[in-house]
Amino acid sequence: MSRPHLADQRDRYFTEEFPLVQEPLIEAIPQYQPGDGATPDEFTQNADDDEEGERLNGLGQLLKQSGVNYSLYAHQMESILAHLRDKDVVVATGTGSGKTEAFLFPMMNHLHDEALRCKEAEEQKPSERAVKCLMLYPMNALVADQLSRLRELLGNPEISTMLLRKGYGRFPQFGMYTG
């Protein structure tokens with residue numbers, strides 16, 4: 001009785017019992033729909049009235065200052081419009097689809113609106129120190145990632161100065177708590 005050759009034993013082991021190389025898994029990445037009028041310069045096209053147009057224009061200016069000069073995805077633009085219209089928003093979409101921007105951009109709009117409210121107030125007082133926005137994350141790793149994006153927006157001196165001059169009256173601040 002002949003014994004199988006060592007090379008044959010190895011080949012059988014690595015193909016049948018412990019395959020090291022398998023067929024590649026190919027995953028298609030979905031293409032997300034760009035929004036209509038979804039560049040910061042075009043935001044006002046989505047306005048239902050003049051007040052909404054002014055708010056969208058102000059947000060567009062802030063976002064352009066932060067380097068957003070691209071067309072947002074439809075779900076991001078819908079999120080901004082829903083915020084302007086006092087609606088609740090839930091965004092459920094794939095990885096890499098811009099869910100973060102779907103809440104950060106409305107947050108920026110909220111701070112812009114606060115600046116306008118302060119400017120319209122009779123005494124034109126600066127915005128009071130208080131929690132204006134609260135973000136909750138299930139994992140510390142997400143906090144660290146999102147904090148860097150928040151720093152890009154609110155840590156940007158040009159954006160902070162823009163909000164200050166629009167009526168905010170002071171530089172916006174942000175912090176992080178993990179526990």
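Which helix holds E158? Select α6, residues 157-168: E158 is found there. (Helices are DSSP runs of H or I, at least four residues, numbered from the N terminus.) This is a predicted model, where local features need pLDDT of at least 70, side-chain atom pairs count only at pLDDT 80 or more, and totals for chains, interfaces and linings use all residues. Residues are numbered from 1 along each chain as its sequence is written, and side-chain values use heavy atoms, without hydrogens and water.

Stay on E158. Its relative accessibility is 43%, so E158 counts as partly exposed.

Next, select R85 and D48. Their side chains form a salt bridge, 3.4 Å from N to O. The pair links distant parts of the chain, 37 residues apart: R85 is in the loop between α3 (74-84) and α4, D48 in the loop between α1 and α2. (A salt bridge puts a side-chain nitrogen of Lys or Arg within 4 Å of a carboxyl oxygen of Asp or Glu.) R85 is partly exposed at 29%; D48 is exposed at 60%. The whole structure has 9 salt bridges.

Move to R12 and E17. They form a salt bridge, with the closest N and O atoms 2.7 Å apart. R12 is partly exposed, at 39% relative accessible area.

Finish with F18, in the loop between α1 (6-17) and α2 (50-65). F18 is partly exposed, at 44%.

Definitions and conventions:
Helix = DSSP H or I, 4+ residues; strand = E, 2+ residues; numbered from the N terminus. Buried < 20%, exposed > 50% of the residue type's maximum accessible area, 1.4 Å probe, protein only.
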